[in-house]
Amino acid sequence: LSAPAVKYTALANVRQMRQQLKPEIDVVGVGGIESGTDAFLFLLCGATAVQVGTCHWKEGPKCFDRICDELKQVLSEKGYSSVQNCIGKLKPWSKEGAALTRAAKKKQSNATAGTGSASNTKATSSSDASAINWIVDVVLVVLVAILLAEKYGLLSIPE
């Protein structure tokens, strides 16, 4: 498993490791990092670095610049001047904090709802990318199934 399937387990593991290890030991966040927001979440949980795997495999090296740009934007929006300032700053869950988060998301949603055609174009390109990713995933699953069937003698491919 990789990418979104393991992200929340990975975040919890990073948090636990950061709490149990000495501060001078670095913790690297790995699992489900596909955006600057994902990287930010791992940093909040205590990671001092993050590893990008599946996203790099899907998008290629251009994902690194995109993730870095998104992380800079998230840091700015959250009021952090540098990555070092947010490492390990995850706050414990509270009803008040959850209410503030819901209100902020609602406000952001309302603000982006009125942006017009630019958001429609972004949604379409995101939808196209999702469709392409789905097709690639299906092709890979079929390929693996064929290779396994051939290996175990369930299928013979003429040479």
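Colleague: Which residues line the second largest pocket?
Modeller: Ala39, Leu43, Thr48, Ala49, Val50, Val52, Phe64, Ile67, Cys68, Leu71 and Val83. A pocket here is an open set of points on a 1 Å grid over the protein atoms alone, where a 1.4 Å probe fits, with protein on both sides within 12 Å along at least five of seven lines; lining residues have an atom within 4 Å of a point. This is a predicted model: local features need pLDDT of at least 70, side-chain atom pairs count only at pLDDT 80 or more, and totals for chains, interfaces and linings use all residues. Residues are numbered from 1 along each chain as its sequence is written, and side-chain values use heavy atoms, with hydrogens and water left out.

Colleague: Which element gives the largest share of that lining?
Modeller: Helix 4, with 4 residues. Helices (H or I, at least four residues) are DSSP runs, numbered from the N terminus.

Colleague: Switching topic. At what angle do helix 1 and helix 2 pack?
Modeller: About 30°, with the axes 8 Å apart. Axes are lines fitted to C-alpha atoms over the stretch in contact, and angles run from 0 to 180 degrees between N-to-C directions. So helix 1 is roughly parallel to helix 2 (under 35 degrees).

Colleague: Which residues of helix 1 make the contact?
Modeller: Lys7, Ala10, Leu11, Val14, Arg15 and Arg18. Contact means heavy atoms within 4.5 Å. From helix 2 come Asp38, Leu41, Phe42, Leu44 and Cys45.

Colleague: And how many aromatic pairs are there?
Modeller: The structure holds 1 (ring centres within 6.5 Å). Phenylalanine 40 and tyrosine 80 are 5.9 Å apart, centre to centre. They sit 40 residues apart in the chain.

Key:
Helices (H or I, at least four residues) and strands (E, at least two) are DSSP runs, numbered from the N terminus. Angles under 35 degrees count as roughly parallel, over 145 as roughly antiparallel, 65 to 115 as roughly perpendicular and the rest as oblique. Rings of Phe, Tyr and Trp (its six-membered ring) pair if their centres lie within 6.5 Å; planes under 30 degrees apart count as stacked, over 60 as edge-to-face and the rest as tilted.
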